[in-house]
Amino acid sequence: MAADFDIAVCERVINYLLYKASGNRMQFAVNLSGQSVQNEQFFKKLLTKLNAQKELAQRIVFEITESTTITELGVVNHYIGELQKSGFRVCLDDFGAGGTSFQYLQQLQVDYIKIDGQYTRKILDSRRDQILVKNLCQTCKDLGIVPIAEMIEKVEQRQMMVKLGVQMGQGYYFGYPGTKPEFDAEKLPAKPR
């Protein structure tokens with residue numbers, strides 16, 4: 001059922017962007033389950049739907065959660081490449097939550113990684129976590145991957161993450177979940193140079 005559910009979510013996002021948010025720059029991140037990203041039929045359906053709506057490529061990012069074991073890394077990387085050829089971006093979610101993070105980073109050619117919130121929670125008090133995040137950000141920079149920090153709740157966390165090289169963030173500091181997408185531009189960090 002995971003693949004059917006993920007296709008239904010993708011269809012809903014596509015329809016929302018086409019019919020309810022066509023006049024703005026709204027973007028969506030769509031989570032894909034570990035089962036779906038290894039399923040050939042799922043990707044054939046997804047690519048068919050996306051190729052009919054290529055104008056949405058810069059408005060949808062697909063997130064693969066690292067908390068789900070992916071055994072077919074070569075197959076998944078091929079699918080990631082197909083999405084990227086169509087202009088869509090791919091993110092590895094919850095990076096650092098499981099024991100396979102660097103194996104995934106080595107074999108999956110993603111555009112973004114989301115640093116798991118366990119590091120953000122301790123970033124102000126843990127020199128060890130600061131060093132890990134800083135070095136991860138340098139690795140991402142060398143690989144052309146944009147790091148995103150999860151669970152930013154305080155201005156001090158945002159400031160520390162920017163200092164360590166994190167380019168983007170998400171969390172309650174930027175906004176709480178709501179019935180419609182909104183954001184406060186004042187809270188966003190300056191664009192990296």
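A: A residue is called buried if its relative accessible area is under 20%, and exposed if that area is over 50%. The model is predicted.

Cysteine 137 falls in the buried class because its relative accessible area is 6%. Cysteine 10 is buried too, with a relative accessible area of 2%. What keeps the sulfur of cysteine 137 from a bond with the closest cysteine sulfur? A disulfide needs two cysteine sulfur atoms within 2.5 Å. The closest cysteine sulfur to that of cysteine 137 belongs to cysteine 140 and is 6.2 Å away, so the two are too far apart for a bond. For cysteine 10, the closest cysteine sulfur is in cysteine 91, at 15 Å, which is also too far for a bond. Across the whole structure, the search for disulfides finds 0.

The next stop is a strand.

Which strands pair with E2? Strand E1, made of residues 28-32, pairs with E2 in the parallel sense over 5 bridges. Within E1 and E2, asparagine 31 stands opposite glutamate 63. Strand E3, residues 89-95, also runs parallel to E2 and is joined to it by 5 bridges. There, arginine 89 of E3 is the bridge partner of valine 61.

Serine 36 is part of helix H2, which spans residues 34-37. Serine 36 is buried, with a relative accessible area of 0%. The side chain of serine 36 makes a polar contact with the side chain of serine 33, at 3.0 Å. A polar atom of the serine 36 side chain also lies 3.5 Å from the backbone nitrogen of alanine 3. With neighbours within four places in sequence left aside, serine 36 is in contact with Ala2, Ala3, Asp6, Phe42 and Phe43.

Conventions:
Residues are numbered from 1 along each chain as its sequence is written. This is a predicted model: local features need pLDDT of at least 70, side-chain atom pairs count only at pLDDT 80 or more; totals for chains, interfaces and linings use all residues. Side-chain values use heavy atoms; hydrogens and water are left out. Buried means under 20% relative accessible area, exposed over 50%, partly exposed in between (1.4 Å probe, protein chains only). Helices (H or I, at least four residues) and strands (E, at least two) are DSSP runs, numbered from the N terminus. A polar contact is a pair of N or O atoms within 3.5 Å; within protein, one must be able to donate a hydrogen and the other to accept it, and residues adjacent in sequence count only if both atoms are side-chain atoms. Contact means heavy atoms within 4.5 Å. Two strands pair if DSSP finds at least two bridges between them.
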